[in-house]
Amino acid sequence: MSITASEQAIAAMDNITMLDLSLAPLLRLAEEGNPVFNAGSAGWLREVRIQGAYRVSHRAFPTRKDEDWRVTDVSVLRKTHFRQAAQTSIQSHELDVFALEETAASRIVFVNGIYAPEFSDTSALPKGLYVGNLAGLSAECAADLVNYLSQQSRNLDVFASLNDAGVRDVAVIWADKNVVVDQPIHILFIGKPEDQPVAMQSRCVAIAESGSSLNLVEYYGAATQGCSDHDQQLYFNNTVTEVWVKANAQINHVRIQREGGSGIQIGNTAIAQAQDSRYHLTEVNMGAQLSRHTLTLNQNGAQTETILKGLTMVGGEQTSDTHTAVNLQHPHGTVDQLHKCIVDGSARSIFNGKVDVPQNAQMTNAAQLNRNLLLSPKARVDTKPELQITADNVKCTHGATVSQLEDDEIFYLRSRGLNEYDARHLLIDAFAAEILNTIAIPSLNTGLVNCVACRTID
Amino acid sequence: MSATVKTLVNQPYKYGFVTDIETDSIPRGLSEDVVRLISAKKNEPEFMLEFRLKAYRHWLKMTEPEWAHVNYPAIDYQNIVYYSAPTKETKKVESLDDIDPALLETFEKLGIPLSEQKRLSNVAVDAIFDSVSIATTFKKDLAKHGVIFCSISEALQDHPELIQKYLGTVVPTADNFFAALNAAVFSDGSFVFIPKGVKCPMELSTYFRINNGDTGQFERTLIVAEEGASVSYLEGCTAPMFDTNQLHAAVVELVALDNADIKYSTVQNWFAGDENGKGGIYNFVTKRGLCKGVNSKISWTQVETGSAITWKYPSCVLLGDNSVGEFYSIALTNNMQQADTGTKMIHIGKNTRSTIISKGISAGKSKNSYRGLVKMNPKADGARNYSQCDSMLLGDTAEANTFPYIQVDNQNAKVEHEASTAKIGEEQLFYFAQRGISEEDAISMLVSGFCKDVLSELPMEFAAEADKLLSLKLEGAVG
């Protein structure tokens, strides 16, 4: 297989302008002297790319006529001429905003989707655990990764296939059997906007072998002066994270999306859970002018436990979309999902939560709740909690609420001597705290709480 | 499953007979000529033909919707008879004596006696057989109060100005694929007009009967309640058993002006097909009410037990300030039935309120989906919605789905949605058994308890009927 094969696949993509413009250079750059290719992965990685490109060429670009994209308009991606983001470096002070004191020696950094060893330090991590990029993986492990990379993403949407087609580097977190790591592992993806629109692809694979335990912090930010909310040139980050939680294993996963104020992130997270495994996710979406996170979770064994907590906080002209799909396939599964949105300015927040309980998922206990807080007259919320149930011996509930701050609650606080401003913020902070308090890393928790406070100042 | 349970499950559909009657049908197929022919047969005014042709031309450009959670083979729209009427009824009948006795007998068998002596004293009935209205009872009594209750064809002759003013204002001709088809070819339906300040003195009711095996039924109902008027309306439907699927694409439009109140109840019992899913009616219906005036109220209550496939979303457009929309629904599916039903509440005016209570019961290998939209427009200050959709699963091969869409564009609006899924527990049945109550009785009691919130919304005479219908359809589904 050669570059020409991928280019032939691309030639069939006349209907997808964005891909026409960005995919060809993306693929070519990825194959020229890239560190990703080592003895173990060279052959199959090329195959992953070509198959990704093939899928992209056979699928239409999503429009608002597609049910899954009905309320999220991504036509800007078609209209913009994106260039492939260059391999570049950043100033160390640009990293400071995102650094966590707890993970100073358990951190890997990717700039524009490519490994930046100068900022990465994994010295605090124990043996039996690999944290790094694909090139650093032993030949044997790299060859074994063929059983994981793209095995989930190939069934996802066209953006995941686009990531497959253009994968340049991969963050790999791989815990051996029975390795328990309490130290949080920080996977930091930094985008560096240029003076014209650029596209980048971030890729992550996390595998917890049976009996192991991991704490992951997956963090997306942009290299700018100070707070990442500032405007820069448009950029597009297309992310895919694939997670495997093997039998009896556990992953605590925190996903923070703080892309730059003019960034666009289309993210896919896919999780495969084996029997008796536990997966806890806390996701926070704050950045980007337009963001979409699609989470697909498959419970592939019995007695699996899934906890999903999410907080979306948007203002100004932002749009943030979260689509989650939990597929239960086996008995005794539990799902506990709570997604909260705080919407200010003329922002728009979208939530679509699907729980599928087929016939053999008996004794399932699934609860899903979406709560929305509207802070301004122009803010907008679309929510759709979906349940599809065939098994009869199950307990499934879902709910959705949309409201503003209660006058009664503000009145109560004012009667206790708080001024209106403090009363409002106390209530907003408490609304967010229910999600943020599930993050067990103090400096990250504090940082995010401050971020919520900073964003709701009138 | 015990023997008694089995006999109960296999209760024959008792409305499945065919009336042998001479009909005047037009050939199969749909074209502009067919639309003109239907209009000519009904001697319609010019504006009606325009309305139909506009709809037909739109329909040609539209595609069948595919988003509903149902599966069915493609419908051949050229293989349907779009107009069929009993021969003798093509002329306007003056009294019941002129009606073919075979028809009167049919309705009597269905439990809808039309003759003076037997009919219910407080319910006026419009009976529709295939494409035409047969008779409307109590017309004169209603006329005394100024209430117009007649078939839509009659209304087109006697009150064309009212039809022209309101028809298509709530469901425009190009609203959706099936509504456009209906607008092009609709044959008959009921028309109700309640003038200013009148409380309709009795329940109004329309009974729809499909008889011809190849006919599609396309009826159109229009109810207008002027300022301060109020009316309660009920529709019922049955069809004979055929091996083929028949299309039923109806449109119902309700208009409520200031302070008016319309209550619309449906007990739908079209033939559902046999236990293998052969035959049955495709019930693709567009129902929408417009709360045009301030303080107006529209309430939908539906009991959906029949049809092979149901695709139906009775909706309320809450335009007037302080208007109220309600939706109470029981959808029961058994065997191979598929239902994708729910409601749309569009809040436009200030302080508008809506309530949605939906109860879905799925048994056999059926699919039962709730699909609802609650939309709060930017100007709907102080709007409130409460939705509750509960599902009950009987057996582990049935499917219960919920797809609630919530769109909020207003900070002052408040929306709450809740859903739950449950089954009839072993313990519950055991408790009943202890008290000497058989399994079948226990299930029907539990189901009617589950549906109580909705059944209590139905007019009295029909609540009892609907309750009976539910237990008849369900008994033995758990075994």
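Which residue is the bridge partner of A:T397 in β24(B)? Keep that in mind while I go through the model, which is a predicted one.

The answer is B:S420.

Now the contact between the chains as a whole. On chain A, 30 residues are in contact with 30 residues of chain B. Two strands of chain A, β19 (380-389) and β20 (395-403), each supply at least two residues of the side that touches chain B. The largest share of that side, 10 residues, comes from β19(A). By residue type, the side of chain A that touches chain B has 12 nonpolar, 12 polar and 6 charged residues.

Next, chain A by itself. Chain A contains 10 helices and 20 strands. Of its 458 residues, 53% are buried. Take the contacts in chain A between residues at least 6 apart in sequence: 82% of them join residues at least 24 apart.

One helix to look at is α10 of chain A, residues 442-455. This helix has 14 residues and reaches 20 Å from its first C-alpha to its last, close to the 20 Å expected at 1.5 Å a residue. Which residues of α10(A) are buried? They are A:L444, A:L448, A:C451 and A:V452. These four cover an arc of only 100° around the axis, so they lie on the same side of α10(A). On the other side, the exposed residues are A:P442, A:S443, A:T446, A:N450 and A:C454.

Last, a single residue in a loop. A:V74 is in the loop between α3 (42-57) and α4 (75-79) of chain A. Is A:V74 buried or exposed? It counts as buried, because it has 20 C-beta neighbours inside 10 Å. Leaving aside residues up to four places away in sequence, A:V74 touches A:P62 and A:W69. A:R64 is 10 residues from A:V74 in sequence, and their C-alpha atoms are 8.3 Å apart in space.

Technical notes: Residues are numbered from 1 along each chain as its sequence is written. Chains are lettered from A and ligands numbered from 1 in the order in which they are written. This is a predicted model: local features need pLDDT of at least 70, side-chain atom pairs count only at pLDDT 80 or more; totals for chains, interfaces and linings use all residues. Two residues are in contact if their C-beta atoms, placed from the backbone, lie within 7 Å. Ala, Val, Leu, Ile, Met, Phe, Trp, Tyr, Cys and Pro count as nonpolar, Asp, Glu, Lys and Arg as charged, and the others, Gly among them, as polar. Two strands pair if DSSP finds at least two bridges between them. The expected span of a helix is 1.5 Å times one less than its number of residues. A residue is buried if 20 or more other C-beta atoms lie within 10 Å of its own, exposed if 12 or fewer, and partly exposed in between; C-beta atoms are placed from the backbone. The arc is that of the directions from the helix axis to the C-beta atoms.
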